[in-house]
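Let's walk through this fold together, with the backbone as our guide.

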Amino acid sequence: MPTATKERTIEQAKEWYSKSSGVVFTDYRGLKVKELQELRSNLRLKGGELHVLKNTLFRIAAGDDTAKLPADLHNGTTAFAFVYSNEAEVAKALLDYARTSKKLVIKGGFFGGKAYTTKEVEALSELPPRDVLISQVIGLIASPLSNLVATIEALYADPIRVIGAVADKVAEGSPPPVTSEADADTEPATEQTEATTAEAPAESSSPEAEPSPESTETSDTTENQ
């Protein structure tokens with residue numbers, strides 16, 4: 001029957017695991033207590049916590065997820081780094097410390113229901129910070145939306161350009177179209193009026209005046225004399 005202390009430790013381990021977004025498994029053999037404290041303090045600043053647990057207690061805390069983990073991750077001398085935020089920064093802090101101390105060994109990780117190898121944890125540590133990554137994703141989403149808006153605007157603009165070009169051609173070389181029947185009836189009447197006006201002087205001009213009888217008699221009298 002587990003003791004009260006063990007039960008509290010199990011409950012704490014379950015809480016750490018349930019709150020975390022992932023776990024990095026490390027082999028801490030060779031690290032002194034002071035070095036472990038230094039590493040714990042650094043991880044807290046990044047968004048994680050390092051705890052030394054018996055492997056059996058971790059398996060209880062992980063529950064069904066234990067079946068997804070390779071056996072070497074939760075066997076041997078193990079310190080568990082529970083990651084609560086900034087997964088990439090926590091992983092980077094662990095890897096940087098491992099390279100410096102040469103004592104800490106990264107065994108692997110577990111994120112999103114998937115086991116990570118040491119190389120995959122290294123790849124995780126090289127990701128940009130969460131805020132930068134979110135901004136990049138938003139940028140990728142926004143870019144196709146901008147292209148879509150531009151395409152829609154082009155579809156609306158092209159018919160307008162075509163209609164404008166046709167209107168310009170009509171204005172340059174073609175007579176304006178007849179807009180109504182009243183306009184069509186008015187045009188011939190205007191042409192007939194202009195023709196009548198042009199012919200009026202010829203019809204109204206009088207022929208040469210014939211000599212009056214008096215002038216004829218005067219002319220004959222002169223010639224007889």
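The paragraphs below go from the sheet to its strand pairings and then to the loops.

A word on conventions before we start. This is a predicted model, in which local features need pLDDT of at least 70, side-chain atom pairs count only at pLDDT 80 or more, and totals for chains, interfaces and linings use all residues. Residues are numbered from 1 along each chain as its sequence is written, and side-chain values use heavy atoms, with hydrogens and water left out.

Strands of a sheet pair through backbone hydrogen bonds, either parallel or antiparallel. Here, two strands count as paired if DSSP finds at least two bridges between them.

Now look at strand 1 (residues 22-27). Six bridges join strand 1 to strand 4, and the two run antiparallel; within this pairing, Asp-27 has Val-105 as its bridge partner in strand 4. Strand 1 is also joined to strand 3 by five bridges, again antiparallel, and there Thr-26 stands opposite Ala-79 of strand 3.

Strand 4 (105-111) is worth a stop of its own. Six of its seven residues are buried (under 20% relative accessible area with a 1.4 Å probe, protein chains only). Three bridges join strand 4 antiparallel to strand 5 (residues 114-116), with Gly-109 opposite Tyr-116. These two strands form a hairpin with two residues between them, and Gly-112 in the turn has a positive phi of about 60°.

Which residues other than glycine have a positive phi? One is Asn-86, with a phi of about 50°, in the loop between strand 3 (79-83) and helix 4 (87-101); helices are DSSP runs of H or I, at least four residues. Asn-86 counts as partly exposed because its relative accessibility is 25%, and partly exposed covers the range between buried and exposed, the latter being over 50%. Another is Lys-102, with phi near 65°, in the loop between helix 4 and strand 4. Lys-102 has 70% relative accessibility, so it counts as exposed.
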